[in-house]
Amino acid sequence: MGDNEKTPLLKPENRGIQNGKDVRFNTKLPGGTDLEVGDAVQAQNVGFGRILKLARPEAFILCLATVALFVSSLSNVLLPTFAGRVIDIVTAHSDTDEGREAALKAVNHAILLIVVVVLVGSTATMVRAYLFSAASERVVARLKKDLFSHLIAQEIAFFDVTRTGELLNRLSEDTQVIKNAATTNLSETLRSLATSIIGVGFMLQTSWHLTALALIIVPAISLGIRSFGKYLRELSHKTQAAAAVAASIAEESFGAVRTVRSFANEEYERSRYAEKVNVTLQLGLRQSMVVGLFSGGVSAAATLSIVAVVVYGARLTILGQMTTGTLTAFILYSLTVGLSLASLSGLYSTAMKAAGASRRVFQLLDRVSSMSKAGDAKPLGKDEEGEVKLENVWFSYPSRPKDLVLKGVNLTLKPGAKVALVGPSGGGKTTIANLVERFYDPDQGVITLNRINLKEIDHRHLHEKISIVSQEPTLFNCSIAENISYGLKDNVKHEDIERVSRMANAHEFVSKFPEGYETQVGERGVRLSGGQKQRIAIARALLMDSRVLLLDEATSALDAESEFLVQDAMDRLMKGRTVLVIAHRLSTVQSADTVAVIADGKVAEQGSHFELLKSNGLYAALVRRQLQGPGTSSATDLNELA
Ligand SMILES: Nc1ncnc2c1ncn2[C@@H]1O[C@H](COP(=O)(O)OP(=O)(O)OP(=O)(O)O)[C@@H](O)[C@H]1O
């Protein structure tokens with residue numbers, strides 16, 4: 001699929017089609033690849049407060065960490081004080097024995113204090129680093145879980161237009177960038193800030209005019225920081241978006257590795273991926289250059305200010321307005337503050353990158369599903385049969401809003417009856433099944449289950465009562481037993497799994513596997529054959545025991561025996577339920593209570609198989625052309641009939 005096939009997130013208001021056919025043209029045709037282009041939910045710049053809000057449950061740990069932080073910062077800036085004191089003792093002691101004795105004692109005392117300060121400071125640093133890191137690990141884990149739950153609840157149309165790789169990238173990469181920033185950054189920033197503030201306090205106390213001289217660079221740096229931050233945030237946002245594009249290509253190539261191999265297209269995929277990685281690389285390089293320039297600038301400014309302090313301080317000391325110890329302490333303070341400021345500049349870069357990444361994450365978190373939330377009606381009792389009715393249903397896919405797929409479909413699935421849908425490819429048969437399953441809501445018209453609009457029915461209830469078995473069933477990368485009991489999760493007895501598996505003609509092949517029902521099926525069920533996958537999916541539907549079944553008969557050429565086994569299982573599955581089957585086989589249409597011919601988004605003909613044959617319309621023509629492709633076993637049935 002080309003880049004432009006996947007388009008941006010859809011704004012809910014674009015799907016507000018209610019009355020009148022022309023309203024559908026309200027919807028802009030989205031076009032672009034990034035989630036932010038066109039109709040997308042606009043990404044907002046995220047305040048740090050928003051990230052902090054996520055950390056609310058960690059408030060206690062963070063308070064403790066902050067106390068530890070202040071202790072460690074205080075210990076950092078206390079050291080120059082003691083160092084200055086030692087130098088003053090050394091330079092000022094009298095040259096008598098008592099003088100030396102007293103000086104040594106004073107030095108020992110100062111050293112003892114230094115050791116205590118270092119010990120307390122290191123312990124506090126350890127506690128601070130651990131607590132901040134633990135808190136941010138928890139925050140990011142929560143962010144990932146929140147994001148996943150939010151995404152999995154989005155409407156199907158969202159997934160039609162969003163690349164899986166993009167979402168995976170946001171879940172893993174972007175949250176990782178936020179985590180890195182939150183872990184090292186938060187604690188280091190606070191430490192450097194605290195050290196700088198306390199350090200400046202000490203500097204002021206020592207000499208206010210030296211401090212003023214040292215701080216002369218601050219306004220210039222602040223100005224630089226503002227524009228740098230903004231630029232870096234934008235750049236980081238673009239880099240992450242480009243990385244996501246590369247990730248989606250990798251995801252697509254790996255997912256379709258068999259097709260890639262069969263076309264010997266590895267080189268093409270490699271270059272497609274490399275091209276996107278190179279875009280990311282260029283942006284990354286630009287980021288590195290900007291960060292380098294900024295760090296260099298801050299470091300040069302800080303060094304210059306220290307040099308100025310040294311020159312002016314030396315002058316004050318020579319003129320006797322300052323002791324050597326005070327000057328040493330002051331220089332050490334300015335070095336500590338300078339180092340903290342320099343590290344702040346690095347941390348600021350990481351924070352800005354994280355701001356770019358969190359903007360992407362929060363953009364997704366803020367997205368509201370364009371489908372109205374399900375109601376809480378439960379129209380079907382335990383053994384009650386289901387009636388499904390489509391009344392004047394108009395529909396276009398949100399990703400292709402101008403292309404009307406259904407144009408006023410009226411169809412009734414009577415309780416316990418079997419309705420077969422036939423018709424030319426692309427006529428809208430699968431779309432009808434998708435709407436009955438409420439993957440999408442109609443633009444106009446209603447679909448009801450036992451006279452209740454699907455929109456008003458409780459989400460779980462609806463999907464317990466209506467099951468879908470598609471042509472290409474999707475299995476999960478877990479055991480066969482887990483796949484069969486997927487819809488029911490807990491408390492499924494093994495006997496039940498085996499019972500439905502027998503009914504679905506799956507038990508025989510499953511028990512031949514060395515690990516039986518514990519056999520792992522691989523990603524999307526790749527370790528099973530097509531027919532086996534279908535039978536597992538039928539067993540899954542049998543276990544769900546839904547009242548309404550939506551079936552898409554397989555057109556994929558299974559061998560005769562496999563086809564017989566699948567068909568036999570399907571027949572058992574259909575028994576006693578309301579069934580909508582997208583039919584490809586003659587035996588299915590013959591046994592259906594009603595056959596509806598869907599062509600060009602409308603019900604073109606409706607009636608029993610024989611009635612429709614008699615009327616000699618589209619259906620009869622279709623049958624003559626054979627309902628399914630030539631070469632499959634039931635083609636003979638159709639020929640016999642013709
Ligand atoms: N997710 C989608 N997004 C946009 N358009 C879609 C989507 N799925 C299907 N369509 C379009 O809707 C139209 C009807 O497709 P549908 O799958 O319902 O046809 P069908 O009758 O089931 O065809 P077939 O017999 O080939 O399976 C087609 O033009 C198709 O391109």
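**Note on a two-domain predicted model**

1. The centres of domain 1 and domain 2, taken over C-alpha atoms, are 56 Å apart. Domain 1 covers residues 42-366 and domain 2 covers 388-628; the bounds come from an automatic or database domain assignment.

2. The model is predicted: local features need pLDDT of at least 70, side-chain atom pairs count only at pLDDT 80 or more, and totals for chains, interfaces and linings use all residues. Residue numbers start from 1 along each chain as its sequence is written.

3. Contact between the domains involves four residues of domain 1 and five of domain 2, where contact requires C-beta atoms, placed from the backbone, to lie within 7 Å. On the domain 1 side these are three nonpolar, no polar and one charged residues. Here Ala, Val, Leu, Ile, Met, Phe, Trp, Tyr, Cys and Pro count as nonpolar, Asp, Glu, Lys and Arg as charged, and the others, Gly among them, as polar.

4. An unreviewed UniProt entry lists "transmembrane region" for residues 59-79, 110-131, 208-228, 290-314 and 326-350; such annotations may be inferred rather than shown by experiment. Residues 326-350 are 100% helix and 0% strand, with end C-alpha atoms 36 Å apart. For residues 208-228 the values are 86% helix, 0% strand and 30 Å. Helices (H or I, at least four residues) and strands (E, at least two) are DSSP runs, numbered from the N terminus.

5. Around the ligand there are 13 residues, of which Tyr397, Ser425, Lys429, Thr430 and Thr431 come nearest; a residue counts as near if its C-beta atom, placed from the backbone, lies within 6 Å. The shell holds two nonpolar, eight polar and three charged residues. Helix α11 (residues 429-436) gives the most to this shell, three residues.

Methods
Contact = placed C-beta atoms within 7 Å.
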